[in-house]
Amino acid sequence: MTGYLIGVDAGNTMVKAALFDASGQTLAVAARGSETLQPAPGFVERSPEGLWQAASGAIRDCLEQAGVSGAQVLAVGAAGHGNGLYLLDREGHGLVGIQSMDNRAETLASQIAAAHGEEILSRAQSRPWPAMTPVLLRWMAENRPEIMARAHVALLCKDVIVHGLTGRMGSEVSDLAGAGLLALPALQYDDALLRLYGIEGLRHILPEPAQSDAVVGHVTAAAAEATGLAKGTPVVGGLFDVLASTLGAGTSQAGEASIVAGSWSINQVFARALPEKPRALLASVLGRETWVSCECSPTSAANLEWFVQTFLADEAKATGEDPFALCNRLAAGSDPESDLPVFHPFLYAGPVPGARGGFSAMGAWHSRGDMVRALYEGVAFGHRAHFEILDPDRAFRTATLSGGAAKSQLWAQIFADTLGMTLRLSDCLETGARGAAIAAAIGAGLFDGFDAATGAMARHTEEITPDPAAQAQLDARYRRWCAYRDALGAAWAPPQVLAFEPRETQERTSHG
């Protein structure tokens, strides 16, 4: 069978569409911005219509860039940030779009966790956190009843794109499981679980689940006009973006591990069964028999984006230098054996409610390069803290690395040295879009499952091994990073929300 596949990857700021052939080669990539709104402190929103306009425009741009007719596209898959909440009315118009960086429900998440956290963990293998979909549903019901009265369906990010393409108002199992809405391993809605969240009265707006690689609809005439795709092109259910990025980077099988250093710190291990004692923030499913435990928080490369926009954007614009190349150059000029500052990547969330990011142990002698390198290390330390929860026995010594950190040789090496792991880098920069295209390829009948499709469409180009001397040095700095984190915890945590108690990293109390 000849033809092409399109994968759409919707993050919290950009929506990308990429065209692939059946071997997984990237033929074209186009991106459109999706405006983020912050109507109040802690609120992070986008218009559902704006999300669809960005996605449809990116698809059209991608096809035009490649010089490919929409009729040559075999199938389309979409991936998007997990959790958050996108509400549509009966006519399919957007009521609200809450992104996964949102923090409005911080207090409510702590209350639900204190009252029912362990039972939710046992039923859904998820822990309540502020942007978790069921927590946001409860918050909206209590604080925006006028919007909830008009809500017909609650969707996740990539479901808005599938709706725009096909008219279907539904979701699929990887996203719904990752949102803690399904009882596991049954992968079904459960009334007792919904009562624990306090949303049993909202069962009627929860979307119908499908398999990620199942064809759930076909491109409508209106979507064909907006995108350049052919009417009737199959569209699959799609994927939680953390799984899509992992697939696109070449990881799909039980026994493998994955790190995605994007806006979020995503750390995943794949297994044939769910753990008997859940430890991670959430669990999801790939296909029908591969379970994914995921420890994550919005504490990764988004911190570098903040640093660039706050301190380096004007200089990069004036000189014409790519701002992230400027970061690498500055960090490379820092002496890794010197007494560097400590950076905690908690600009958006942290280990306790109220946690804040920033630099500690700054001296007048520290340079901008020292600050960038400390930021690189602090983000990597956050991933290490997640792996200590996820894999306390250090059973996983190899992982794939994708996301922003994988684009920097220096940062990727810091990750390998910090984690003490051999890291495999993908041949593809757009791993999320390729993962969505992998699901589309299965739906189009090119492969019979995720292992076969990933094996055929994703490859690794490089392995980065830890340097023993750097590893020992970063071990010491990681202990210092943890000491600052734990000492600051009592000052960060609002007493009325959650009293902070220093803990061993393995025993998680909240996300981050």
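Buried means a relative accessible area under 20%, exposed one over 50%, and partly exposed a value in between, computed with a 1.4 Å probe on protein chains only. By this scale R288 is exposed, with a relative accessible area of 56%.

1. **Basis of the model.** This is a predicted model, in which local features need pLDDT of at least 70 and side-chain atom pairs count only at pLDDT 80 or more, while totals for chains, interfaces and linings use all residues. Residues are numbered from 1 along each chain as its sequence is written, and side-chain values use heavy atoms, with hydrogens and water left out.

2. **Confidence.** The pLDDT, the predictor's confidence in each residue from 0 to 100, averages 93 over the protein chain, and 96% of the residues score at least 70. Over residues 496-512 the pLDDT is below 50, although this stretch has 52 contacts in the model beyond near neighbours in sequence. A contact means heavy atoms within 4.5 Å.

3. **Nonpolar cores.** A nonpolar core is a set of buried Ala, Val, Leu, Ile, Met, Phe, Trp, Tyr and Cys residues joined through side-chain atoms within 4.5 Å. The largest one holds 86 residues, and L87, L137 and M140 touch the most other members. Helix α14 (residues 431-443) supplies the largest share of this core, 8 residues. Another core lies apart from it and has 38 residues, among them F307, F343, L390 and A412. In soluble globular proteins, nonpolar side chains tend to be buried together.

4. **Surroundings of L87.** Leaving aside residues up to four places away in sequence, L87 touches a set of residues including L137, M140, I147, V153 and I205.

5. **The seven-stranded sheet.** Helices (H or I, at least four residues) and strands (E, at least two) are DSSP runs, numbered from the N terminus; two strands pair if DSSP finds at least two bridges between them. An open sheet of 7 strands has the order β13-β14-β12-β11-β17-β18-β19, with mixed pairing. Its edge strands, β13 (282-286) and β19 (460-464), each pair on one side only. Neighbouring strands are turned by 25° against each other on average, direction ignored.

6. **Strand β11.** Which residues of β11 point one way and which the other? A257, I259 and A261 point one way, S258 and V260 the other way, and all are buried. In a regular strand the side chains alternate between the two faces of the sheet. A hairpin of 3 residues joins β11 to β12, and the two strands run antiparallel, joined by 5 bridges. V260 has I266 in β12 as its bridge partner. With β17, by contrast, β11 runs parallel through 4 bridges, and the partner of I259 there is L401.

7. Strand β18 (residues 422-426) is joined to β19 by 4 bridges, in antiparallel fashion, and L423 stands opposite I464 in β19. Helix α9 (residues 241-248) packs on the sheet, touching strands including β11, β12 and β13, and its direction makes about 70° with that of β12. Helix α13 (residues 409-419) lies across β11, β17, β18 and β19, at about 55° to β19. Axes are lines fitted to C-alpha atoms, for helices over the stretch in contact, and angles run from 0 to 180 degrees between N-to-C directions.

8. A salt bridge is a side-chain nitrogen of Lys or Arg within 4 Å of a carboxyl oxygen of Asp or Glu; the whole structure has 25. D213 and R288 meet in one (3.6 Å, N to O). The pair links the loop between α7 (191-197) and β8 (215-218) to the loop between β13 and β14, 75 residues apart. D213 is buried, with a relative accessible area of 9%. R368 forms another with E315, the closest N and O atoms being 2.6 Å apart. Here helix α12 is linked to helix α10 (residues 302-319), across 53 residues. R368 is partly exposed at 37% relative accessibility, as is E315 at 29%.

9. **Further charged groups.** K158, D159, E172 and D175 are linked in a network of salt bridges.
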